[in-house]
Amino acid sequence: SFRFIEDNKMEFPSTTDFLEAFGIEPVEEDPGMAYCRYVKQSSDGLQELDISFSAVAESFQVVLRCGGRELVTVSSEMVRLIELRRDHSGSRVHVVFDVRDGASEVVVTLEPDLHCHWWTLRR
């Protein structure tokens, strides 16, 4: 069950979708900004992925921490679509951005291991 905001400008999953797909609930939420933040620990507890998005700001952020220290932060606006994927190879959040003259996407893997692949390519 996807939600849309601003005349179908951005498609994003509900908190129920995250709970059903990954078994996680938001650690922070602001309904006025259509903002949700989720934190997922690695199976060994050493790494942590912190993902958040705001449908009003059309933004998506990923923070990678290791041993409690922030290693990487990546953020972008112009989100068009956020979808949740779960299959035999694991569970992922796939994000597509609206960029002029190119393509930009991110795939954040939550299971079996934490991983983030973010790319922007010119056409």
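Before the details, a word on conventions: because the model is predicted, local features need pLDDT of at least 70 and side-chain atom pairs count only at pLDDT 80 or more, whereas totals for chains, interfaces and linings use all residues. Residues are numbered from 1 along each chain as its sequence is written, and side-chain values use heavy atoms, with hydrogens and water left out.

Let me begin with the rings. The structure holds six aromatic pairs, where rings of Phe, Tyr and Trp (its six-membered ring) pair if their centres lie within 6.5 Å, and planes under 30 degrees apart count as stacked, over 60 as edge-to-face and the rest as tilted. One of these is the stacked pair of F18 and Y38, at 3.9 Å centre to centre with 10 degrees between the planes. This pair links distant parts of the chain, since F18 sits in helix α1 (residues 15-22) and Y38 in strand β4 (residues 35-41), 20 residues apart; helices (H or I, at least four residues) and strands (E, at least two) are DSSP runs, numbered from the N terminus. F18 counts as buried at 1% relative accessibility, and Y38 counts as buried at 1% as well, where buried means under 20% relative accessible area, exposed over 50% and partly exposed in between, with a 1.4 Å probe and protein chains only.

The rings of F97 and W118 have their centres 5.4 Å apart and their planes at 20 degrees, so this pair is stacked. Because F97 lies in strand β9 (residues 90-97) and W118 in strand β11 (residues 115-122), the pair ties together parts that are 21 residues apart in sequence. Here F97 is buried, with a relative accessible area of 3%, whereas W118 is partly exposed at 22%.

Ring pairs also link F12, F18, F22, Y38 and F53 into a cluster.

Which residues cover the two faces of β9? On one side G90, R92, H94 and V96, and on the other S91, V93, V95 and F97, are all buried. In a regular strand the side chains alternate between the two faces of the sheet.

As for its partners, β9 runs antiparallel to β8, joined by eight bridges, where two strands pair if DSSP finds at least two bridges between them. I82 stands opposite V95 in β9, and the hairpin of β8 and β9 has two residues between them. β9 also pairs with β10 in the antiparallel sense, over seven bridges, with T109 in β10 as the bridge partner of R92.

I will finish with S104, which is found in strand β10 and is buried, with a relative accessible area of 4%. Its side chain reaches the backbone oxygen of W119 at 3.2 Å. Leaving aside neighbours within four places in sequence, S104 is in contact (heavy atoms within 4.5 Å) with residues including V95, V96, F97, W118 and W119.

Terms used: A polar contact is a pair of N or O atoms within 3.5 Å; within protein, one must be able to donate a hydrogen and the other to accept it, and residues adjacent in sequence count only if both atoms are side-chain atoms.
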